[in-house]
Amino acid sequence: MRDYAIKGRLAVATPQANPTVEAEVRRILPNEVDYCTVRLLSESKDPKTRLIEYLTSLPETLESQFSGMTADTLLFGCTASSYLTDEDTENEIMAKASEILNGAKIVNAARAIKEYFNQNKIKTIGILTPYPEWLQVQAERYWTEQGFKVAATECVDIGTEDTYKIYDLSSKDAKPGMMSLIESNCEAILISGTGMPSLRLISEFEQPNKKIISSNYAMTLIGLSYLGLKPRKKTEWFF
């Protein structure tokens, strides 16, 4: 029996400069589940190229950084990679990643969100992002093409076209946008993007008639469900 990760070991893939994925996953996971992190790498200074390369180089990244380590499930913590990559390419990459991890299930953020929406019969959504305009457009297109009605959107201004500035944000920066979306006519609010902190927003603004989900929360929920497990209670996220 393992000393740690008694009920499961997750592999968590996070963009190279992202400080949020690990912090939020750690708060959501029950104590019996552990995780090991792989950093998604790109040398490109262009944010769009970087986000695509995080996904397309995933198999090579796993081979070099994990070097045979076993995991039950991989959480791919970059939502925007899905917004910028076609589905066939994404499927091929995820299949290769699973093979490298000896058949582990691959849970990427965008598909986990979609699975969550379908499980909860969500059709109309509001979207809160910290994205520059060029990426915001891709996010709205993606969810519309996935069959959801985007009823309202709110963006946190990061003052630049480079997504690195997202990692300087706190949940307070997103609070005005969340308050606006709470008043909108949607069934669920999506906090898209793994770099902006989301758990305080989820716990503070939880509504009986409106679901609030984020990229990090969705992929961790779905990843745990594949292990037959539930997340830690929201009241235990912060001490």
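Two strands are said to pair if DSSP finds at least two bridges between them. In this predicted model, strand β7 (residues 188-191) and β8 meet that condition, pairing in the parallel sense over four bridges. Within this pair, I189 stands opposite I212 in β8.

**The sheet and the helices on it**

Strands of a sheet pair through backbone hydrogen bonds, either parallel or antiparallel. Here, four strands in the order β6-β5-β7-β8 form an open sheet with parallel pairing. Its edges are β6 (149-155) and β8 (211-214), each of which pairs on one side only. From one strand to the next, the twist averages 20°.

Two helices pack on this sheet. Helix α6 touches β5 (124-129), β7 and β8, and its direction makes about 165° with that of β8. Helix α10 touches β7 and β8, and its direction makes about 90° with that of β8.

**Helix α6**

Which residues of α6 (residues 109-119) are buried? They are A109, A110, A112, I113, Y116 and F117. Seen down the axis of α6, these buried residues fall within an arc of 160°, so they line one face of the helix. An α-helix has 3.6 residues a turn, so residues three or four places apart point the same way. After α6 comes K121, which has a positive phi, near 55°.

**Two helix pairs**

Two packed helices are described by the angle between their axes and the distance between the axes. The table gives these values for two pairs.

| Helix pair | Axes come within | Crossing angle |
|---|---|---|
| α6 and α10 (residues 215-226) | 8 Å | roughly 75° |
| α2 (residues 47-56) and α3 (residues 58-66) | 5 Å | roughly 60° |

The axes of α6 and α10 cross at roughly 75°, which makes α6 roughly perpendicular to α10. In this contact, A109, A112, I113, E115, Y116 and Q119 of α6 meet S215, A218, M219, L221, I222 and Y226 of α10. The residues involved divide into nine nonpolar, two polar and one charged.

The axes of α2 and α3 cross at roughly 60°, and the two helices are therefore oblique to each other. Y54, L55 and T56 of α2 make this contact with L58, P59 and E60 of α3. By class, four of these residues are nonpolar, one is polar and one is charged.

**Residue S82**

Is S82 buried or exposed? S82 lies in helix α4 (residues 79-84) and has a relative accessible area of 2%, so it is buried. Apart from neighbours within four places in sequence, S82 is in contact with E90, N108, A110 and Y142. Of these, A110 is also one of the buried residues of α6.

Methods: Residues are numbered from 1 along each chain as its sequence is written. This is a predicted model: local features need pLDDT of at least 70, side-chain atom pairs count only at pLDDT 80 or more; totals for chains, interfaces and linings use all residues. Side-chain values use heavy atoms; hydrogens and water are left out. Buried means under 20% relative accessible area, exposed over 50%, partly exposed in between (1.4 Å probe, protein chains only). Contact means heavy atoms within 4.5 Å. The arc is that of the directions from the helix axis to the C-beta atoms. Axes are lines fitted to C-alpha atoms, for helices over the stretch in contact, and angles run from 0 to 180 degrees between N-to-C directions. Angles under 35 degrees count as roughly parallel, over 145 as roughly antiparallel, 65 to 115 as roughly perpendicular and the rest as oblique. Ala, Val, Leu, Ile, Met, Phe, Trp, Tyr, Cys and Pro count as nonpolar, Asp, Glu, Lys and Arg as charged, and the others, Gly among them, as polar.
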